[in-house]
Amino acid sequence: MKVTFWLLDLNYEAKAERPEISIWGISASGERILIIDRNMPSYFYAISKEETEPVKLVEEIKEGDFPSITKLEAVERKFFGRPVKAVKVYCNEPNAISEYAKEIRKLEDAKDCLEDDIRHAMRYLIDNNIVPCGWHEVEATETDRISDIKTEKSYLAKTTPKLVEKTDAPKLRILGFSTIYYSHEGTPKPERNPVVIISTATNCGDQKQFMADEDRKDKHILEEFMSHIQEFDPDIIVGYGVNGQHWSYLTERCKKSGLHLYVDRTRAEPHTSVYSHVSLTWRTNLDLSDYIEEFQEIKVKTLENFADFLGVMKIEDRTTIEDIDIADYWDDKTKRETLRKYSMDNTRCIMGITDAVLDFASQLSNLVGLPLD
């Protein structure tokens with residue numbers, strides 16, 4: 001059967017001695033789907049010395065200890081416009097490529113290795129002209145849903161997805177959040193300072209706040225926050241400064257309470273990816289602080305200034321509290337409502353900025369071929 005989908009994200013794992021690409025997308029009918037593609041081999045190039053024929057390098061590699069290599073192919077390529085003789089080295093374990101390339105460089109007939117630093121998921125995009133935030137078609141068969149993965153349908157790809165001309169984006173579910181930490185001792189530390197407020201908003205108009213107990217125990221608000229995310233099931237989770245602070249902070253606070261921070265669609269914790277951003281499997285984690293750097297007119301890079309510059313919320317119209325005063329506002333019950341409003345204003349700013357920049361971000365992702373996060 002032919003499946004048409006809009007690509008949100010993808011990743012790979014090595015399973016059963018072969019790389020497996022997981023494509024997370026939204027179908028033309030609006031279903032959240034998973035497509036598994038096991039057809040893409042992983043490879044890199046070993047360059048032979050000028051005076052050496054590639055066949056000699058092939059034999060030398062065969063004599064080495066490289067159990068994950070499945071095929072060696074002598075090829076001709078161009079390097080900075082100059083023809084070079086190379087060996088295309090196929091592996092069934094992408095994670096072994098870096099170490100193999102390091103060892104092959106030491107061989108007598110090898111001059112260098114190239115493309116060993118390209119991640120398998122990125123190679124999949126490049127080689128097949130597949131782009132994030134774009135529509136594709138693939139021949140696939142429907143499979144049973146995989147346990148612990150939140151998806152409406154799962155497919156096994158029979159062919160490589162092909163890009164199709166279709167410009168309208170599907171209706172995405174977006175959730176924005178901001179957090180308030182309690183600290184009288186300066187910069188909050190997750191090992192000692194609790195989360196007292198988490199404010200959330202969605203692009204469906206829902207707004208929720210989760211509050212700590214009077215004794216500032218935050219286990220239940222962390223549980224409620226995770227439950228709300230799983231119930232709303234967003235495609236994109238957006239915040240400000242989440243890569244540098246908030247995801248790691250919330251992860252540590254969950255550990256303090258004996259919890260795991262499950263906010264993705266596979267019951268895995270947030271993890272730092274190769275680009276130093278935090279990845280949430282099958283959800284896009286969008287950090288607006290990455291985008292403020294593109295606005296040179298904003299001299300002080302804060303959420304309030306970003307929202308003010310874009311006309312989302314003027315500084316004079318929002319509640320403002322200095323970080324050093326947050327604990328005092330929490331302790332004083334007459335001021336706590338002001339603190340709640342301050343927290344929700346932050347989330348409203350996040351959602352307003354997202355609405356202003358998301359089309360730009362999606363088009364940029366589609367143009368350069370990097371996933372939205």
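Predicted model: local features only at pLDDT ≥ 70, side-chain atom pairs only at ≥ 80, totals over all residues.
Okay, so let's start with strand 4, residues 42-48.

Now, the neighbours. Strand 4 runs antiparallel to strand 6, residues 82-91, with six bridges joining them; over there, Ala86 is the bridge partner of Ile47. Strand 7, residues 110-114, is antiparallel to strand 4 as well, joined by four bridges, and Tyr45 has Leu114 as its bridge partner in that strand.

On to the rings. The count comes to 10 aromatic pairs. One of them is Tyr43 with Tyr90, a tilted pair, 6.0 Å centre to centre with 55° between the planes. That pair links distant parts of the chain, since Tyr43 is in strand 4 and Tyr90 in strand 6, 47 residues apart. Both Tyr43 and Tyr90 are buried. Ring pairs also bring in Tyr45, making a cluster of Tyr43, Tyr45 and Tyr90. And Tyr43 has something else going on: Lys88 lies over its face, 4.2 Å from the ring centre.

Then there's Phe79 with Phe80, an edge-to-face pair at 4.7 Å centre to centre, 70° between the planes. Phe79 counts as partly exposed, at 40% relative accessibility, while Phe80 is exposed at 76%.

Last one: Arg265 lies over the face of Trp282, 4.2 Å from the ring centre.

How values were computed. Residues numbered from 1 in each chain as written. Heavy atoms only, no water. Pairing = 2+ DSSP bridges. Helix = DSSP H or I, 4+ residues; strand = E, 2+ residues; numbered from the N terminus. Phe/Tyr/Trp six-rings, centres within 6.5 Å; stacked < 30°, edge-to-face > 60°. Buried < 20%, exposed > 50% of the residue type's maximum accessible area, 1.4 Å probe, protein only. Lys NZ or Arg CZ within 6 Å of the ring centre and 35° of its normal.
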